[in-house]
Amino acid sequence: IGNKYYVHESIVFEKHPVMRDLFTYIYHNKETSTDDTRRMIWKLIANSSYGFMGFNKYNRTVLKCYGNTAADHVISSHTSGNSIYTKYDNLDIYLVNEKTHALLSDTNVAIASAITSYARCYIHNIMSDVEKYGGKILYCDTDSIITDICLEDVGSKYIGTNMGMLKREYNNNIIDEIIIATTKVYGIKMGDNYITKIKGID
């Protein structure tokens with residue numbers, strides 16, 4: 001584009017296998033699951049395991065249950081605008097949506113940042129190699145990439161079954177057409193098959 005960028009300061013994360021055993025265990029269970037439901041559950045556990053590290057525990061809206069002895073606290077919190085509540089007289093309880101700090105001590109934003117940063121560096125290396133090989137990047141996300149060439153031609157190190165490697169989502173099928181609306185929202189035509197991906201709404 002013509003712009004020049006100068007790096008004045010940077011932060012480097014040194015590798016340390018603080019979660020290697022956990023993710024190896026989760027990945028093994030996902031790969032050896034005998035049905036799609038179990039595989040999806042283990043995949044969600046893997047994603048949420050590192051995502052939890054970046055959990056914002058401050059000023060959260062949480063659901064709490066109080067007895068009648070805490071009535072003054074519930075009403076005071078509601079009056080100050082920090083909560084809304086429903087009183088169940090037959091059960092003598094208050095169900096309260098309240099803004100508070102979550103009682104968690106084992107979160108670490110640095111770990112979550114290091115994992116996502118490493119993933120971006122990894123996918124960027126693949127994109128660079130694809131372009132050096134003469135291919136085009138049609139779409140990419142944190143953990144996926146769509147190109148107009150076969151990644152095996154770029155380098156066999158990217159495709160495989162080991163943890164952290166990319167897997168072919170559509171086997172050896174060739175994409176005839178693709179329409180990309182935004183991140184995680186796109187449509188693909190492969191022969192007579194049409195596939196639509198919609199994951200969340202921006």
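The accessible surface of the protein chain comes to about 15300 Å². Carbon and sulfur atoms account for 53% of that area. These values come from a predicted model. Of the 202 residues in the chain, 24% count as buried.

Now take the overall dimensions. A compact globule of 202 residues would have a radius of gyration near 17 Å. The protein chain has 24 Å instead. Along the principal axes, its C-alpha atoms fill a box of roughly 70 × 50 × 40 Å.

Charge comes next. The chain carries 22 positive side chains and 23 negative ones. The centres of these two sets lie 3 Å apart.

Next, trace the chain. There are five helices and eight strands. Starting at the N terminus, the order is α-α-β-α-β-β-α-β-β-α-β-β-β. Contacts across the sequence can be counted too. Take those between residues at least 6 apart in sequence: 46% of them join residues at least 24 apart.

Where do the nonpolar side chains gather? In soluble globular proteins, such side chains tend to be buried together. Here the largest nonpolar core has nine residues. They are Ile123, Ile126, Met127, Val130, Ile145, Leu151, Val154, Tyr158 and Leu166. Two elements, α4 (109–132) and α5 (151–154), each give two or more residues to this core. The largest share, four residues, comes from α4.

Which residues does Met127 contact, leaving aside its neighbours within four places in sequence? They are Ile137, Cys140 and Ile145.

Move on past α5. Ser156 is found in the loop between α5 and β6 (177–182). Is Ser156 buried or exposed? Its relative accessibility is 62%, so Ser156 counts as exposed, the cut-off for that class being over 50%.

Phe52 is an aromatic residue in another loop, the one between α2 and β1. Why is Phe52 described as partly exposed? Its relative accessible area is 31%, and the class runs between the 20% limit for buried and the 50% limit for exposed. What does Phe52 touch, not counting residues up to four places away in sequence? The answer is Leu104, Asp106 and Thr107. Phe52 and Ala112 are 60 residues apart along the chain. Their C-alpha atoms are separated by 7.9 Å.

Asn59 lies in the loop between α2 (36–51) and β1 (60–67), which also holds Phe52. Look at its backbone. Most residues other than glycine have a negative phi. Phi of Asn59 is near 55°, a positive value in a residue other than glycine.

Asp92 gives a second case. Its phi is near 55°, again positive in a residue other than glycine. Where is Asp92 found? Asp92 sits in the loop between β2 (83–88) and β3 (93–100). With a relative accessible area of 42%, Asp92 is partly exposed.

Key:
Residues numbered from 1 in each chain as written. Predicted model: local features only at pLDDT ≥ 70, side-chain atom pairs only at ≥ 80, totals over all residues. Heavy atoms only, no water. Rg over C-alpha atoms; globule rule 2.2 N^0.38 Å. Buried < 20%, exposed > 50% of the residue type's maximum accessible area, 1.4 Å probe, protein only. Contact = heavy atoms within 4.5 Å. Areas by Shrake-Rupley, 256 points an atom, 1.4 Å probe, with all protein chains shown as cover. Lys, Arg positive; Asp, Glu negative; His and termini not counted. Charge placed at Lys NZ, Arg CZ, Asp CG, Glu CD. Core = buried A, V, L, I, M, F, W, Y, C linked by side-chain atoms within 4.5 Å.
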